[in-house]
Amino acid sequence: MKLVASFFGVGYLRPAPGTWGSLAALPVGYGILLAGGFWLLLAASVLAFAIGMAATQRVIATGDDHDPSWVVIDEVVGQWIALFPVGYGAAMMGVDLWRLYPGWIAAFVLFRLFDIWKPWLVGKADRMGSALGVMLDDVIAGVFAAIVTIVLAALAHGVLM
């Protein structure tokens, strides 16, 4: 379970294991998008959430820390959710994924911002003190990052002007 929870050891990198986990999620997410597009990334995110939830429950049951810093499977799930607009947008427009590189950057930076800052629902989920809270705060941070990424894309493309 430690292998899954640490996303194959990425969570043991220092400093800032959460950032390393988010960075590691990018090339894997890219590969998933190349292999099967948005819908495969969505399915992979749901699967990673379920597996991550089970792994996190086991990890926190054996220790006194409800959210060990080396557990980064939650960051992977949140980062993939933040990438949903990029994957969907590229497929919708019929363009290569890397043509939306500003979206990749925005999704990464915004996810990290919301994950570290923990505003509103992100913080509320984090304070749950359970495996669900560990996973859910990153899911919500990913959703927030995805929403802001969509707004920024709309601004950049003149849709909201």
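Student: What radius of gyration would a compact globule with 161 residues have, and what does the chain have?
Tutor: In this predicted model, the chain has a radius of gyration of 15 Å, which agrees with the value near 15 Å for a compact globule of 161 residues.

Student: What box do the C-alpha atoms fill?
Tutor: Taken along the principal axes, that box is roughly 50 × 35 × 25 Å.

Student: How many helices and strands are there?
Tutor: The chain has seven helices and zero strands. Along the sequence, the pattern reads α-α-α-α-α-α-α.

Student: What share of the residues counts as buried?
Tutor: Of the 161 residues, 50% count as buried. The accessible surface comes to about 8,200 Å², and carbon and sulfur atoms account for 73% of that surface.

Student: Which residues touch the most other members of the largest nonpolar core?
Tutor: They are Phe7, Leu41, Trp80, Leu83 and Trp104, in a core of 47 residues. At least two residues of this core come from each of H2, H3, H4, H5, H6 (120–126) and H7. H2 gives the largest share, with 14 residues. In soluble globular proteins, nonpolar side chains tend to be buried together.

Student: What is Trp80 in contact with, leaving aside neighbours within four places in sequence?
Tutor: Trp80 is in contact with Ala25, Val28, Gly29, Ile32, Leu41, Ala44, Ser45 and Ala48. One of these contacts, Leu41, is also among the core residues that touch the most other members.

Student: Turning to H4, which of its residues are buried?
Tutor: Helix H4 spans residues 84–93, and its buried residues are Phe84, Pro85, Val86, Gly87, Gly89 and Ala90.

Student: What covers them?
Tutor: The cover includes helices H2 (17–61), H3 (73–82), H5 (101–117) and H7 (131–156).

Student: And what follows H4?
Tutor: Gly94 follows H4, and its phi is positive, near 65 degrees.

Student: New topic: where is Asp115, and is it buried or exposed?
Tutor: Asp115 lies in helix H5. Asp115 counts as buried because its relative accessibility is 5%, and the cut-off for buried is under 20%.

Student: Which residues does Asp115 touch, not counting those up to four places away in sequence?
Tutor: Asp115 touches Glu75, Asp137, Asp138 and Ala141.

Student: How far apart are Asp115 and Met128?
Tutor: Asp115 and Met128 are 13 residues apart in sequence, and their C-alpha atoms are 15 Å apart in space.

Key: Residues are numbered from 1 along each chain as its sequence is written. This is a predicted model: local features need pLDDT of at least 70, side-chain atom pairs count only at pLDDT 80 or more; totals for chains, interfaces and linings use all residues. Side-chain values use heavy atoms; hydrogens and water are left out. Buried means under 20% relative accessible area, exposed over 50%, partly exposed in between (1.4 Å probe, protein chains only). Helices (H or I, at least four residues) and strands (E, at least two) are DSSP runs, numbered from the N terminus. Contact means heavy atoms within 4.5 Å. The radius of gyration is taken over C-alpha atoms; the globule rule is 2.2 Å times the number of residues to the power 0.38. Accessible areas come from the Shrake-Rupley method with a 1.4 Å probe; for residues, only the protein chains shown count as cover. A nonpolar core is a set of buried Ala, Val, Leu, Ile, Met, Phe, Trp, Tyr and Cys residues joined through side-chain atoms within 4.5 Å.
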